Amino acid sequence: MGTGQLTIDLDAIAANWTALDAASGGSTETGAVVKANGYGLGAGRVARALAHAGARRFFVAHAEEGGAIRNALGRGPEIYVFSGHMRGDTDMLNDLDLIPMINSIDQLTRHFEALPDAPFGIQLDTGMNRLGMEPGEWAAVRDVAVPRKPRLIMSHLASADEPASPQNKAQVALFRELTAGCGIPRSLAATGGILLGPEYHFELTRPGIGLYGGRPFTDARPVVQLDLPVVQTGVVLKGEAVGYNATWEAEADTPTATVLGGYADGILRALTNTGSLWSDGIECPILGRVSMDAITVDISGLEREPRELSLLCPEQGVDAVADAGKTIGYEILTSLGPRYARRYSGRAG
């Protein structure tokens, strides 16, 4: 193995969708968020696995991502574009039957003028202050938009991963107020919102990170394994240092292994002297800097020299790596680099 191997369990993704679908309740449809190349795992394969599990509505960040999902799934499933109807998107939205989530009056005007008979959705800003129409904007165009039968009206929770946050209650109350009597399917909950309970589910949920094994869905099945080949083993003698700028110094003779992988592959430099790799259930701490293509670790706990070491594995999931790097699991997944050899396991997709 000349490069790291990333193994992606499609059956685990499908099982996580099924569990979140059950948590959404029988009267609520469950979609799937597959933006950012399926959270770094390969949008086409991921989308097919989710469609096999039962998902029929998919969400992407922009129209180009929607094109990749349409190519993978063919006609039939609905594909929603969070960025709405941007300048230059008209032909792609029309040709590929993509549904823009309209974020502003300008986008609404553009869509009605360019594609007057094409489907669309509405995104409302209930407190995230990122995307969506403000309440005043929505009030100005609601009587124009609702008779055109948008496929979906959605908003996004800013603090769903903090169940006690008062922002959750404020947002769901405002969302109910803004959509009262509209007769259009509504969606507020992503993974965190699903776990907050039925008050947040409405007609459609749209899980994202929980599908891929990340918090806040702590019951998720692990989805990814990342194994890195060992290039060299040796012993760092007492008093010697490892890596750039000598940030780690041996207090005793220490057996080490250097693996092929680094920040060019999405392994965060912040894991320097804090992260670990694993072998046969044994933790191997990172020694010194994570560099572009190589990482050195302490293998003194191993009974034999390893051929490979794992960054993502049953003992250490994406959130554990994220905690060590002081970030979130989303960043770990979406940073996974293109040099890895990717292998898909499972029957789904």
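Predicted model: local features only at pLDDT ≥ 70, side-chain atom pairs only at ≥ 80, totals over all residues.

**Exercise 1. Is Phe175 buried or exposed?**

Residues are numbered from 1 along each chain as its sequence is written, and side-chain values use heavy atoms, with hydrogens and water left out.

Step 1. Recall the cut-offs: buried means under 20% relative accessible area, exposed over 50%, and partly exposed in between (1.4 Å probe, protein chains only).

Step 2. Phe175 has 0% relative accessibility, so it counts as buried.

Step 3. Look at its ring partner, Phe202: the centres are 5.0 Å apart and the planes stand at 90°, so this pair is edge-to-face. Here, rings of Phe, Tyr and Trp (its six-membered ring) pair if their centres lie within 6.5 Å; planes under 30 degrees apart count as stacked, over 60 as edge-to-face and the rest as tilted.

Step 4. Phe175 belongs to helix H8 (residues 166-179) and Phe202 to the loop between helix H9 (191-196) and strand E10 (204-205), so the pair ties together parts that are 27 residues apart in sequence. Helices (H or I, at least four residues) and strands (E, at least two) are DSSP runs, numbered from the N terminus.

Step 5. Phe202 is buried as well, with a relative accessible area of 11%.

**Exercise 2. How many aromatic pairs does a search of the whole structure find?**

Step 1. The search returns six aromatic pairs.

Step 2. Take Phe59 and Tyr80: with ring centres 5.0 Å apart and planes at 15°, the pair is stacked.

Step 3. Since Phe59 sits in strand E4 and Tyr80 in strand E5, this pair ties together parts that are 21 residues apart in sequence. Both Phe59 and Tyr80 are buried.

Step 4. Finally, ring pairs join Tyr39, Tyr212 and Tyr330 into a cluster.

**Exercise 3. Trace how strand E6 is covered and paired.**

Step 1. Five of the five residues in E6 (98-102) are buried.

Step 2. Leu98, Pro100 and Ile102 point one way from the strand, while Ile99 and Met101 point the other way.

Step 3. E5 pairs with E6 in the parallel sense over three bridges, and Val81 has Pro100 as its bridge partner. Two strands pair if DSSP finds at least two bridges between them.

Step 4. E6 also pairs with strand E7 (residues 121-123), again in the parallel sense, over two bridges; Ile102 has Ile122 as its bridge partner there.

**Exercise 4. Which residues of helix H4 are buried, and what do they pack against?**

Step 1. H4 spans residues 63-73, and eight of its eleven residues are buried.

Step 2. They are Ala63, Glu65, Gly66, Gly67, Ile69, Arg70, Ala72 and Leu73.

Step 3. Their packing partners include helix H2 (35-39), strand E4 (57-60), strand E5 (78-81) and helix H5 (90-95).

Step 4. Just past the helix, Gly74 has a positive phi of about 75°.

**Exercise 5. Which residues touch the most other members of the largest nonpolar core?**

Step 1. A nonpolar core is a set of buried Ala, Val, Leu, Ile, Met, Phe, Trp, Tyr and Cys residues joined through side-chain atoms within 4.5 Å.

Step 2. The largest core has 96 residues, and the members touching the most others are Leu41, Leu50, Phe58, Ile122, Trp138, Tyr212 and Leu309.

Step 3. Helix H3 (residues 43-53) supplies the largest share of this core, with six residues.

Step 4. Zoom in on Trp138. Leaving aside neighbours within four places in sequence, its contacts (heavy atoms within 4.5 Å) include Ile122, Leu124, Met133 and Leu178.

Step 5. A second, separate core of five residues includes Val236, Val242, Trp248 and Ala250.
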